[in-house]
Amino acid sequence: KYEKIWLVFGITCLVVFLTVVGVSAFTDNHHTPAGGIEHIDPEKVRETAPFDNPGVTQLDDDTYQVSIIAMAFGYEGPELKVPVGKEIVFKVTSTDVVHSFTIDDTKVNMMVVPGQVTTKSYTFDKPGKYLIICNEYCGAGHHFMFTEIEVT
Ligand code: CUA
């Protein structure tokens, strides 16, 4: 009889444990920490802020935002010019397939997924022109995907 009680107790503990693990995994998914995943309708990218007005926006004295749309054959956005030594928040999304947004000579190497906004903060410590390329093979347009950002 006691064995049965212990068995039930053991199973109950296991169930409680799995529930806790499951719930926290679920909750984590729905938490969007800074630099986490933000969802966007890939069909409505150009109507959704900040991609309705892509390019460089000053957020405050020390922070700038750069929003860019990635797609086969190129990145969409006006000429990119940002200041050195300020925090630059990159926000990138794709209207078609998975791309990357990789800035040469920096730690910026973002995976760009349709339906998501990828965010990454970076501060350039050297002025210059930096090449932006797609590191993720994305089809016929892959080798045409590059642009640059000027840091002054
Ligand atoms: Cu986009 Cu490779």
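Me: What does the pLDDT say about the protein chain?

Reply: This is a predicted model, in which local features need pLDDT of at least 70 and side-chain atom pairs count only at pLDDT 80 or more, while totals for chains, interfaces and linings use all residues. Residues are numbered from 1 along each chain as its sequence is written, and side-chain values use heavy atoms, with hydrogens and water left out. pLDDT is the predictor's confidence in each residue, from 0 to 100. Here the chain averages 90, and 91% of the residues score at least 70. Over residues 29-33 the pLDDT is below 50.

Me: Which residues touch the most other members of the largest nonpolar core?

Reply: A nonpolar core is a set of buried Ala, Val, Leu, Ile, Met, Phe, Trp, Tyr and Cys residues joined through side-chain atoms within 4.5 Å; buried means under 20% relative accessible area, exposed over 50%, partly exposed in between (1.4 Å probe, protein chains only). The largest core has 24 residues, and Tyr-75, Phe-90, Phe-101, Ile-103, Phe-124 and Ile-149 touch the most other members.

Me: Which strand gives the most to this core?

Reply: Strands are DSSP runs of E, at least two residues long, and helices are runs of H or I, at least four, both numbered from the N terminus. Strand 3 gives the most, with four residues. Another core, of six residues, lies apart and includes Phe-51 and Val-117.

Me: Where is Phe-9 found?

Reply: Phe-9 is in helix 1 (residues 2-30). Its relative accessible area is 47%, so Phe-9 counts as partly exposed.

Notes
Contact means heavy atoms within 4.5 Å.
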